[in-house]
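Hello,

Here is the structure I promised to pass on. Please open it and keep it beside this email while you read.

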Amino acid sequence: MGIVVAQEIAAWQIEQVEVLTVTGLTFDLAEQLSRFERAIFIDACPSLSIGAAIELLHGSDYMETFTHHCNINSLISLTQWLYGRSPQIWLLGVAALDFSLGDCLSPIARVGKTEAIAIVKYFFEF
């Protein structure tokens, strides 16, 4: 779901917005992340029954070690530790209940996508 929303945002071709699509977070994203003032992570959220919701995230003092995978808080903390800064980071959850393979979005996912796009437009003031 996050990739679907990100692809639509990328199609806007706005100069000050860079869209990255990844299928999972890894620690090597810290360098790229350190260059931004603000970042929005977009992901499907099965706990939302409909729509989309956004929340501000904060890095934690705890970082996962001895793993090739990371979560958003660990990535924020690592970015801060390595580069002395990290952007303001938001998590945009998009309602999605059906994760089976298919070529179209469910009605709930379509509503979530529409709301997510509206939130991003508001967030970047365009």
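The chain exposes about 8,200 Å² of surface, and carbon and sulfur atoms supply 55% of that area. Please remember that this is a predicted model. Every value below is computed from it.

What about the inside? Of the 126 residues in the chain, 31% count as buried.

Next, the fold. The chain has four helices and three strands. Reading from the N terminus, the order of elements is α-α-β-β-α-β-α. Now take contacts between residues at least 6 apart in sequence. Of these, 74% join residues at least 24 apart.

Back to the surface for a moment. Look for Trp81, Leu82 and Tyr83. They form a nonpolar patch there, and together they have about 380 Å² of accessible area. Trp81 sits in helix H3, which covers residues 72-83. Is Trp81 buried or exposed? Its relative accessibility is 67%, and the cut-off for exposed is over 50%, so Trp81 counts as exposed.

Now the aromatic rings. How many aromatic pairs are there? The count comes to two.

Start with Trp90 and Phe123. Their rings are 5.6 Å apart, centre to centre, with 75° between the planes. Edge-to-face requires an angle over 60 degrees, so this pair is edge-to-face. Which parts of the chain does the pair tie together? Trp90 lies in strand E3 (residues 88-95), while Phe123 lies in helix H4 (residues 107-123). The pair therefore ties together parts that are 33 residues apart in sequence. Both Trp90 and Phe123 are buried.

The other pair is Phe123 with Phe124. It is edge-to-face too.

Phe123 has a relative accessible area of 12%; buried means under 20%, so Phe123 is buried. Phe124 has 23%, which falls between 20% and 50%, so Phe124 is partly exposed.

Trp90, Phe123 and Phe124 are linked by ring pairs into a cluster.

Begin at the patch of Trp81, Leu82 and Tyr83 on the surface. Then go to the ring cluster of Trp90, Phe123 and Phe124.

Best wishes

Technical notes: Residues are numbered from 1 along each chain as its sequence is written. This is a predicted model: local features need pLDDT of at least 70, side-chain atom pairs count only at pLDDT 80 or more; totals for chains, interfaces and linings use all residues. Side-chain values use heavy atoms; hydrogens and water are left out. Rings of Phe, Tyr and Trp (its six-membered ring) pair if their centres lie within 6.5 Å; planes under 30 degrees apart count as stacked, over 60 as edge-to-face and the rest as tilted. Helices (H or I, at least four residues) and strands (E, at least two) are DSSP runs, numbered from the N terminus. Buried means under 20% relative accessible area, exposed over 50%, partly exposed in between (1.4 Å probe, protein chains only). Contact means heavy atoms within 4.5 Å. Accessible areas come from the Shrake-Rupley method with a 1.4 Å probe; for residues, only the protein chains shown count as cover. Patches are made of residues with over 30% relative accessible area and no salt bridge: like charges are joined within 9 Å, nonpolar side chains (Val, Leu, Ile, Met, Phe, Trp, Tyr) within 5 Å. A salt bridge is a side-chain nitrogen of Lys or Arg within 4 Å of a carboxyl oxygen of Asp or Glu.
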